[in-house]
2 protein chains.
Amino acid sequence: MAHEHLDNVKHYLLALQDRLCDGLAKADSQASFKEESWTREEGGGGRSRVIEDGAVFEKGGVNYSHVYGAELPPSATAARPELSGRAFHAVGVSWVLHPENPHVPTSHGNVRFFIAEKTGEPPVWWFGGGYDLTPFYPVMEDVVHWHRVAEAACQPFGEDVYPRYKKWCDDYFYLKHRDETRGVGGLFFDDLNAGSFEDCFAFQRAIGDSFLEAYLPIVERRKEDGWNDQQRDFQLYRRGRYVEFNLVWDRGTLFGLQSGGRTESILMSMPPLARWEYGYTPVPGSPEARLTEEFLRPRDWLGEASATP
Amino acid sequence: MAHEHLDNVKHYLLALQDRLCDGLAKADSQASFKEESWTREEGGGGRSRVIEDGAVFEKGGVNYSHVYGAELPPSATAARPELSGRAFHAVGVSWVLHPENPHVPTSHGNVRFFIAEKTGEPPVWWFGGGYDLTPFYPVMEDVVHWHRVAEAACQPFGEDVYPRYKKWCDDYFYLKHRDETRGVGGLFFDDLNAGSFEDCFAFQRAIGDSFLEAYLPIVERRKEDGWNDQQRDFQLYRRGRYVEFNLVWDRGTLFGLQSGGRTESILMSMPPLARWEYGYTPVPGSPEARLTEEFLRPRDWLGEASATP
């Protein structure tokens, strides 16, 4: 039964990977995704697809993987010690886009499905996923559009779904050592197994299916904007924060590295180029200062937008 | 008593910071160190010194800090659970140098001293520290020189000291997810409190005092070497590994971020610019391939050197 679920999810995820790559390559118009398949000694493997040096995407990846093993790694059981020691299957698609133009936001998303098994006991399964946006020069209209699509995707599953997963996203993509969020958020959910498998799977599909609708209009609106060296420098500096989050705080990265995942695929999320500068502080009142002051903290984007005439 | 020790160590460390900055600025010949003092809300503070855009050093820092608090952070007690919950003082100098020229190795070192206190019990103190070298285009002569100075610094303290701390360095500066060492090693020690305070303190001074002798001759020999874009690209790519080590595996960074240290000072170790490239593999037989194949694995540099006629 559980493996019938697994097959259904795999089928959806492989098709999702195709659709994401098609939509993103079309938006790029110049580069295309290169595919590399890999296998993992302990069980499983994946299909990595990477786009590089495009007209829009300096680097991007859309990875499908299915890994399994005799024991869930610690990062997966920290919050659920009762599953410690169980055999597992983990299947997912995750994607990260690093545009070259500082006016086009970086974006990341993933949808994943786990099964934890133990002889003589029923299998435990759960879904997780979400997507989030990391602009460098944010435009309020884009942020509101992003969250409207996220809200619409959640809406059929209950009024409380968007606010709950929007908050979880703010909480998760938070750099404690910098006291700022990674970006303007979006959705994040984990450990989802309330209700039936069919309900949860339908929700996961709603998230996966809505990503391009959330992201591509922003890409289209901003990709022709001009930029200068100073804006590019700021983008590279902010990408340093992206690296800090992924390597210090991200449970997904930790899970991958701990479970003996394929390092090149896990660290595909790294930006192509990043910069650190000791003691950098943006000029007060500048667009660079506005990013952290106005955008990199949890806000009710939709409530504030509808309050504006 | 313990605080008399603390004062002695502080006195040494502040002078060491001066000497390191003087020696490094002289080798750079163009840029000088800028100083910034800071205090920490929970107790303590530091004196950060940064050099940027020099003739040799693209970025470098030599930081002194003394932090204290009511409870040792988890990263400091992972290996010594009996000290968990104790109040602490931690004082140290740490330094990282990122040269611009790919032929000049990156280097890092630090010396630190801890006191863990509990009412009604004698204080527990220990020393830690070491230094390590991360070349991009290593020259065997440089690596042997580096280890000879390290060995000579350890020699007065016993024949087994260099091999033991050389091995600890290889083990510590190891990127498990890449199966390679960070560089060609050096010395690493921690939890040192065997014998008297005076003996341990003398050893710490021997390490701190020998760094410039180990590093500067290599800087002098390589700083005029020409380099091309391809070598610079490779250096930036390898700096990505440096970031990965520091953020994923380094206990010092973790301790700093967990103990509410000053983020800008802790992450001063980050390179000014770093690059990631999906699936990069050096051309077989190239200098870039030699780095990982011949240098980024534990080797008996001195034994092999003396075996050569």
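**Entry 1: a pair of rings**

Are Phe295(A) and Trp301(A) buried or exposed? I looked this up first, keeping in mind that I am working with a predicted model. Phe295(A) turns out to be buried, and Trp301(A) is buried too.

Next I wanted to know how their rings sit. A pair of aromatic rings is described by the distance of the centres and the angle of the planes. For Phe295(A) and Trp301(A) the centres are 5.7 Å apart and the planes stand at 15 degrees, so I noted the pair as stacked. The cut-off I needed here is that planes under 30 degrees apart count as stacked.

How many aromatic pairs does the structure hold over all chains? I found 61. One of them is formed by Phe113(A) and Trp125(A), with 6.3 Å from centre to centre and 40 degrees between the planes, and it is tilted. Phe113(A) belongs to strand β5 (residues 106–118) of chain A and Trp125(A) to strand β6 (residues 121–134) of chain A, so this pair ties together parts that are twelve residues apart in sequence. I checked burial again: Phe113(A) and Trp125(A) are both buried.

I also came across an aromatic cluster in chain A, with Tyr165(A), Trp168(A) and Phe245(A) among its members.

Then I looked for charges over rings. Arg80(A) lies over the face of Trp126(A), 4.5 Å from the ring centre. In chain B, the charged end of Arg80(B) sits over the ring of Trp126(B), 4.5 Å from its centre.

**Entry 2: strand β5 of chain A and its neighbours**

I stayed with β5(A), the strand that holds Phe113(A). It is mostly covered, as eleven of its 13 residues are buried.

Which strands does β5(A) pair with? On my list is β4 (residues 87–99) of chain A, which runs antiparallel to β5(A) and is joined to it by eleven bridges. Across this pairing, Val96(A) has His108(A) as its bridge partner. A hairpin of six residues links β4(A) to β5(A).

β6(A) is on the list as well: it pairs with β5(A) in the antiparallel sense over twelve bridges. Here Thr106(A) has Thr134(A) as its bridge partner. The hairpin of β5(A) and β6(A) has two residues between the strands, and Gly120(A) takes a positive phi near 85 degrees in it.

A reminder to myself: strands of a sheet pair through backbone hydrogen bonds, either parallel or antiparallel.

**Entry 3: the sheet in chain B**

I turned to chain B to follow a whole sheet. Seven strands form an open sheet there, in the order β1-β2-β3-β4-β5-β6-β9, with antiparallel pairing.

Glu35(B) stands opposite Arg49(B) of β2(B).

Helix α6 (residues 229–249) of chain B lies across β3, β4, β5 and β6 of chain B, and runs at about 165 degrees to β4(B).

**Entry 4: comparing the two chains**

Last, I looked at how chains A and B relate. A rotation of 180 degrees, with 0.0 Å of shift along its axis, superposes chain A on chain B with an RMSD of 0.0 Å. The two copies are therefore related as by a two-fold rotation axis. The same surface serves both copies, since 100% of the contact residues of chain A recur in chain B.

Definitions and conventions: Residues numbered from 1 in each chain as written. Chains lettered and ligands numbered in written order. Predicted model: local features only at pLDDT ≥ 70, side-chain atom pairs only at ≥ 80, totals over all residues. Heavy atoms only, no water. Phe/Tyr/Trp six-rings, centres within 6.5 Å; stacked < 30°, edge-to-face > 60°. Helix = DSSP H or I, 4+ residues; strand = E, 2+ residues; numbered from the N terminus. Buried < 20%, exposed > 50% of the residue type's maximum accessible area, 1.4 Å probe, protein only. Lys NZ or Arg CZ within 6 Å of the ring centre and 35° of its normal. Least-squares fit on C-alpha atoms with pLDDT ≥ 70 in both. Contact = heavy atoms within 4.5 Å. Pairing = 2+ DSSP bridges. Axes fitted to C-alpha atoms, helices over the stretch in contact; angles between N-to-C directions.
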